[in-house]
Amino acid sequence: MRASPAVRPSAIDMSMRRQSLTDFRRELGESFRLGKRSAGCIRALSARIDEELRRLWTEAMAAPGIAHSGPTTVRACLVATGGYGRKQLFPGSDIDVLVLCPEGRQPELDTAVRAFLAAAWDLGLELAEAV
């Protein structure tokens, strides 16, 4: 049995999201240079990355073939680690995440996790992931 393709955002949608994130980072840098406290900038960046990763994760885990309830539920968990997990994501830092998967190979879940990682890359997020 072949794995079902994961749900991937359209290229246009991803391009707009990437531009929005780029603009946000630029504005955050300008705010910092104008005297905004660094702690606020770091928290704002961490929160925005949370928002983006949650959205990407939700999209990837909505893939056909991923059971969401019942005895055959396929579950994986995305965990923020490192500075990002402490909500201390500095500009230019990689984003530390851990993907926890159940024991044993599950092709549909493997496909969904790969789609998540690819979408994060497409968005311009530099993940330091462990699976």
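**Close-up 1. Two helices side by side.** Helix axes are lines fitted to C-alpha atoms over the stretch in contact, and angles between them run from 0 to 180 degrees between N-to-C directions. The model shown is predicted. Helix α1 covers residues 11-33. Helix α2 covers residues 38-61. An angle over 145 degrees counts as roughly antiparallel. Therefore α1 and α2 are roughly antiparallel to each other.

**Close-up 2. Where α1 meets α2.** The α1 side includes D13, M14, R17, S20 and L21. F24, R25, L28 and F32 also belong to the α1 side. They meet residues of α2, among them S38, C41, A44, L45 and R48. I49, E52, R55, L56 and E59 of α2 take part too. By class, this contact has ten nonpolar, two polar and seven charged residues.

**Close-up 3. D50 in helix α2.** D50 has its place in helix α2. Is D50 buried or exposed? Its relative accessible area is 12%. Buried means under 20%, so D50 is buried. Leaving aside neighbours within four places in sequence, D50 is in contact with Y84 and K87.

Close-up 4. Strand β2 spans residues 95-100, and strand β3 spans residues 127-130. The two strands pair in the parallel sense, over four bridges. L98 stands opposite A130 in β3. Helix α4 covers residues 107-123. Together, β2, α4 and β3 make a right-handed β-α-β unit.

Definitions and conventions
Residues are numbered from 1 along each chain as its sequence is written. This is a predicted model: local features need pLDDT of at least 70, side-chain atom pairs count only at pLDDT 80 or more; totals for chains, interfaces and linings use all residues. Side-chain values use heavy atoms; hydrogens and water are left out. Angles under 35 degrees count as roughly parallel, over 145 as roughly antiparallel, 65 to 115 as roughly perpendicular and the rest as oblique. Contact means heavy atoms within 4.5 Å. Ala, Val, Leu, Ile, Met, Phe, Trp, Tyr, Cys and Pro count as nonpolar, Asp, Glu, Lys and Arg as charged, and the others, Gly among them, as polar. Two strands pair if DSSP finds at least two bridges between them. A crossover is right-handed if, with the strands pointing away from the viewer, the path from the first strand over the helix to the second runs clockwise. Buried means under 20% relative accessible area, exposed over 50%, partly exposed in between (1.4 Å probe, protein chains only).
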